[in-house]
Amino acid sequence: MSEIIVKTEKFVVDLLSNNLDSKYLYHNLKHTQRVVKSTKELLDFYKLEENESEAIILAAWLHDVGYTKGTKNHEKNSCKIASKFLQEQEYNKDRVKSIEECIMATQMQAKPKSLPEKILRDADSSHFAKKSYLETTETLRQELSLLDIATYSHNEWVEMNIQMFREKHQFYTDYAQNNWQEGKNKNLKILVKEKKAEKQIAKKEALKAKYKNESPDRGIQTLFRVTLRNHITLSNIADTKANILLSVNAIIISLALSNLIPKLDNPSNDYLIYPTLIFLIFSVVSMVFAVLATRPNVTSGEFSKEDVNQKKVNLLFFGNFHKMKLSEYEWAINELVKDKKYIYSSLTKDLYFLGLVLHRKYKILRWTYTVFMIGMVVSVIAFAIAFKFFGPERTIAVEALIP
């Protein structure tokens, strides 16, 4: 490998690694290295003169450095960067011009004339024949989107690639036509197959949408179902929290009755009476609040035919019908299902009153936890004060001072 190729490779690797926007998912160093590799494969076949082969490899390395200046006129920018770099390296001017011509031949609308131009042009599109083509072209689609150049759906991109393969692209060298065309044809078949599969899926979806009885009521029903379930879940959570406090306070009171209160009979433990009383009062109050939070409300459990006819009663709540006869309730339900608006009205009332119950539960539950928390803090402080100022050690000290 000549010294100029080594310097150029180092220059391009450094330039594309540090100066190229990360949004270039396709036109990056990896793409350039792939083009160089394909160029060398073509040159191994054609056995050109050393100077000519060297110039083509340099063009392969430098053909996309213009992307560091943006996508617009990147081929011309690549030529400018390549020319400046090679002149600094005192490279032959005639070969620099040949390199620029090769770079300009990579434009999609250009028609390569000389063999060097054809070699670089085929090397630049060699990925069309690779097994990794689908993955590679996907990076180009993403790149175009990230750079705000164009946004294509997957189906649109597949169609564009098929059109590219069939109408806009061709391999120019004999080697590429004999060795890469078959791979390109295989990728074209894959694209066509994918397009047909997408069309079949789209057709099935269209038929499904056409014949599926997707009633607009389904969304409303889902709304009520999910919301009711959420309300019930929140109610269960509130009941669980209240039961936890009931259990904790019951254990506290049991321990106090069995271990603390019997000791109060001893005159020496008089200082514990008030802290214990405070402790028990807060525990009892917490239990009362917890019971209130879970205590059910008693309802009449009856309705009249007039209530049903006027759509005043919510037949979905057991509290409104638990005292009614089965025949009366069946009649009322039959009247309900005949009227969609009545159904939604009943569901709405159910949601509303469940919300009121939840509000009451959580409000009382909040007070319960607040009382419990304050009670624990005040009780601990009361016991601390009692032990500090009225405890056994304090009593002994005071008695020692009495003559």
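E182 and K186 sit four residues apart in helix α10, about one turn of the helix (helices are DSSP runs of H or I with at least four residues, numbered from the N terminus). The two residues form a salt bridge, with the closest N and O atoms 4.0 Å apart; the term means a side-chain nitrogen of Lys or Arg within 4 Å of a carboxyl oxygen of Asp or Glu. Both E182 and K186 are exposed, where exposed means over 50% relative accessible area, buried under 20% and partly exposed in between, using a 1.4 Å probe and protein chains only.

The model is predicted, so local features need pLDDT of at least 70 and side-chain atom pairs pLDDT 80 or more, while totals for chains, interfaces and linings use all residues. Residues are numbered from 1 along each chain as its sequence is written, and side-chain values use heavy atoms, leaving out hydrogens and water.

Side chains of opposite charge can pair when their charged atoms come close. The structure holds six salt bridges. Another of them joins the side chains of E54 and R95 at 3.8 Å, N to O. This pair links distant parts of the chain, 41 residues apart, with E54 in helix α3 and R95 in helix α5. E54 counts as buried because its relative accessible area is 10%, whereas R95, at 25%, is partly exposed.

Helix α10, spanning residues 181-211, also contains N187. With a relative accessibility of 5%, N187 is buried. Beyond its neighbours within four places in sequence, N187 is in contact with residues including H127, Y133 and F165, contact meaning heavy atoms within 4.5 Å.

Note on methods:
Helix = DSSP H or I, 4+ residues; strand = E, 2+ residues; numbered from the N terminus.
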